[in-house]
Amino acid sequence: TLSHTLETIEMILQVQRSWKYLENIFQGFDDIRRQLPTESAVFDKVNINWKAIMDGLHSDPNAIRATHKTGLLEMLLDMNTKLE
């Protein structure tokens, strides 16, 4: 249980680092969005999912319960791949 919790939290932190970096790029520069429309669309989907995940984690202060939601780790792994 604790191993899964740790793995999920580590993936959250990894996705957060990538998301934070890319958010400044894709949200701040319209010319980049025009030059990279496919990548912008992928980022927009990840952005929506990221915010939904963070809202869900914020609403449940129990770390074990929050990190064991069905499909959360898999979704984070997929988001990390897309952000890379």
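# Briefing: a five-helix chain

Asp 31 is partly exposed, with a relative accessible area of 38%. This residue belongs to helix H2, one of five helices in the protein chain, which has zero strands. The model is a predicted one.

**The chain as a whole**

- Read from the N terminus, the elements follow the order α-α-α-α-α.
- The C-alpha trace spans about 45 × 20 × 20 Å along its principal axes.
- Of the 84 residues in the protein chain, 30% are buried.
- Among contacts with a separation of 6 or more, 69% are between residues 24 or more positions apart.

**Helix H1**

- Helix H1 covers residues 2-28, which is 27 residues.
- From first C-alpha to last, H1 reaches 38 Å, close to the 39 Å expected at 1.5 Å a residue.
- A bend of about 30° occurs in H1 at Leu 22, and Leu 22 is also one of the buried residues of this helix.
- Residues three or four places apart in an α-helix point the same way, because the helix has 3.6 residues a turn.
- The cover over the buried residues of H1 includes helix H2 (30-35), H3, helix H4 (63-67) and H5.
- Arg 17 is found in H1 and counts as exposed, at 56% relative accessibility.
- Tyr 21, also in H1, is exposed, with a relative accessible area of 57%.
- Tyr 21 counts as exposed because its 57% is over the 50% cut-off.

**Helix H3**

- Helix H3 has 23 residues and reaches 33 Å from its first C-alpha to its last, close to the 33 Å expected at 1.5 Å a residue.
- Its buried residues are Ser 40, Phe 43, Val 46, Asn 47, Trp 50, Ile 53 and Leu 57.
- These buried residues of H3 pack against H1, H2, H4 and H5.
- Ser 40, which lies in H3, has a relative accessible area of 3%.
- Ser 40 is buried because this 3% falls under the 20% cut-off.

**Packing of H3 with H5**

- Helix H3 (residues 37-59) and helix H5 (residues 72-83) pack at an angle of about 145°, with their axes 10 Å apart.
- The crossing of H3 past H5 is left-handed.
- On the H3 side, the residues that meet H5 are Val 42, Phe 43, Val 46, Asn 49, Trp 50, Ile 53 and Leu 57.
- On the H5 side, they are Leu 72, Met 75, Leu 76, Met 79, Lys 82 and Leu 83.
- By class, this contact of H3 with H5 has eleven nonpolar, one polar and one charged residues.

**Helix H4: Ile 64**

- Ile 64 has its place in helix H4 and is partly exposed, with a relative accessible area of 39%.
- Ile 64 is partly exposed because 39% lies between the cut-offs of 20% and 50%.

**Separations along the chain and in space**

- Tyr 21 and Leu 83 are 62 residues apart along the chain, and their C-alpha atoms are separated by 9.8 Å.
- Arg 17 and Leu 83 are 66 residues apart along the chain, with 9.9 Å between their C-alpha atoms.
- Asp 31 and Ala 52 are 21 residues apart along the chain, and their C-alpha atoms are separated by 27 Å.
- Ile 64 and Glu 74 are ten residues apart in sequence and 16 Å apart in space, C-alpha to C-alpha.

Conventions:
Residues numbered from 1 in each chain as written. Predicted model: local features only at pLDDT ≥ 70, side-chain atom pairs only at ≥ 80, totals over all residues. Heavy atoms only, no water. Axes fitted to C-alpha atoms, helices over the stretch in contact; angles between N-to-C directions. Helix = DSSP H or I, 4+ residues; strand = E, 2+ residues; numbered from the N terminus. Left-handed = near helix turned anticlockwise from the far one by under 90°. Contact = heavy atoms within 4.5 Å. Nonpolar A, V, L, I, M, F, W, Y, C, P; charged D, E, K, R; others polar. Expected span 1.5 Å × (residues − 1). Bend = angle between axes of the 7 residues up to and from the residue. Buried < 20%, exposed > 50% of the residue type's maximum accessible area, 1.4 Å probe, protein only.
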